[in-house]
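Dear colleague,

I am passing on the structure we spoke about, together with some notes on what came out of the analysis.

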Amino acid sequence: MRSLRTTPPLPLVFLLMTAGAFGTEWSVKYNQQEICALKGSTVFMNGTFTHPEHLTVTETFWIIDPVQKFALSKDPEYSGRVEYLIDKQKHFSLKLSDVMKKDEHQFCFRIITNEEKERWTGVPGVQLRVTELHVEAPEEVTEGQTADLTCKTTCSLTDPTFIWYKNGHPLTTKTIKNNQLHLQTVSSEDAGSYSCAVGGSQRLRSTAHSLRVRYPPRDISVSISPSGEIVEGSSVNLTCSSDGNPPVKIYNWFKGSTPVVEGKTYSIPNIRSEDSGEYTCQSLNDYGERNSSAVLLNVAYPPKRVSVSIRPSGEIVEGTSVNLTCSSDGNPPVKIYTWFKGSTPVGEGKIYSIPNIRSEDRGEYTCQSRNDHGERRSTAVEITVMCKLILICYAALDEFLELPVFKPNFLTFILACCRSSKEHLVVHQSLRSNSGGQFSHSDLQQ
């Protein structure tokens, strides 16, 4: 050890001899010659000393740098931050609180004795280095890659245990080796703000480092506005939402497998029944593309394309059965059908049946279809009823027809629809015959 004295130093041989004459020599031994401390932490500098036995120690204190002679505790820069500790076994300690970067000095222990010329400074002293924690890591990494984050210092801390935090919460499930955090197969969930600390000084964390993860679009969803039932003629907006880094800027819309438009929002200002169907949104960024699940647009509308079919088709003969069937398109489907003959309602139901049609059933028929959003009537269909023909002799029907009496050798026949009263008789054709003979009604009926 070298010493600093208030008088010029004596030759080394003299000093050793002087020390030997009194039995014990001067010595100051520090536990550590160099200490690395975290900014804001509390540091202890420890050691032991000896002195010649004939001297009495009157004062001990610490100085910074060997040239300074006044006590550290008297320096305004250290006021309230230093504390001296010493015991009878000549162990000494300096406690320095709230370490700052400007505290990077050599700290020396100085001894004052009862003799003016016998003073001692332990040099070289303890060199203090001050560091902050700093996270060294890439700013951005692609999903699926690996990433290493390193907790860096400007000097070597003594046996540190590093603790890692993500978004302010300690990490316990990641691989931590020495001062390094290893992220294996990075996913988007690894994006966040990372910081590190040293065990025992958790409050002295590093500045947070933001890690961004690049990944293709995900969580693609489509929202429909307005919500609820969609009625024909209203305006509808489909909006695509997605998560991606970098953010998605290209959106493609499909109806089924057919592309329809581009953009984050697909607007249909006057929706029609033809717009019903399944829609999907495709989101793209620099790292890939993904489609949303399909959403169904179900457009409600009143009945349309109302039509009537007649069974059997072709000529309708009196006495047969006829069915009129109403067909229509509507959403929700039509459940109420009303039948009209002319303007008179005659029945309800999808099918209007006439089991034994008569001539008075002839006329124009229409079907009115109705659902929750309106009603519509079909175009009229005409039903013509053909009568069953009977060949009748005038002579046989003289009373019924009130016809004039003809000569027996001159018979007149008619082709007529048989009715129970003469008011319903329709004459279709008259036949003249010069043939003689008698004919019964059964003989003439065909």
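In this model, which is a predicted one, a disulfide links Cys326 to Cys367, with an S to S distance of 2.0 Å. The torsion about that S-S bond is -95°, and the link of Cys326 and Cys367 is left-handed. Cys326 belongs to strand 29 (residues 322-331) and Cys367 to strand 33 (residues 363-371), so the bond ties together parts of the chain that are 41 residues apart in sequence. Cys326 has a relative accessibility of 0% and therefore counts as buried, and Cys367, also with a relative accessible area of 0%, is buried.

By the distance rule applied here, the count comes to 4 disulfides. Another of them joins Cys240 to Cys281, with the sulfur atoms 2.0 Å apart; because the torsion about the S-S bond is about -95°, this disulfide is left-handed. Cys240 sits in strand 20 (residues 236-245) and Cys281 in strand 24 (residues 277-285), and the pair links distant parts of the chain, 41 residues apart. Both Cys240 and Cys281 are buried.

A further disulfide, between Cys36 and Cys155, has an S to S distance of 1.8 Å, and with 70° about the S-S bond this link is right-handed. Cys36 lies in strand 2, whereas Cys155 lies in the loop between strand 12 (147-152) and strand 13 (162-166), so the pair ties together parts that are 119 residues apart in sequence. Cys36 and Cys155 are both buried.

Cys36 also brings us to the second largest pocket, where it is among the residues that lie nearest the centre, along with Ala37, Leu38, Leu157 and Thr158. This pocket has a volume of about 320 Å³ and a lining of 18 residues. Strand 2 (34-38) and strand 3 (43-50) are the elements that give two or more residues to that lining, and the largest share, 4 residues, comes from strand 2. By residue class, the lining divides into 9 nonpolar, 8 polar and 1 charged.

As for the protein overall, its secondary structure comes to 3 helices and 39 strands, and 40% of its 446 residues count as buried. Of the contacts between residues at least 6 apart in sequence, 62% join residues at least 24 apart. The protein exposes about 25,600 Å², of which carbon and sulfur atoms supply 50%.

With best regards

Key. Residues numbered from 1 in each chain as written. Predicted model: local features only at pLDDT ≥ 70, side-chain atom pairs only at ≥ 80, totals over all residues. Heavy atoms only, no water. 1 Å grid on protein atoms, 1.4 Å probe; cavity = no way out; pocket = protein on both sides within 12 Å on 5 of 7 lines; lining within 4 Å. Points joined across faces, edges and corners; volume = space filled by probe spheres on them. Nonpolar A, V, L, I, M, F, W, Y, C, P; charged D, E, K, R; others polar. Buried < 20%, exposed > 50% of the residue type's maximum accessible area, 1.4 Å probe, protein only. Contact = heavy atoms within 4.5 Å. Areas by Shrake-Rupley, 256 points an atom, 1.4 Å probe, with all protein chains shown as cover. Disulfide = S-S within 2.5 Å.
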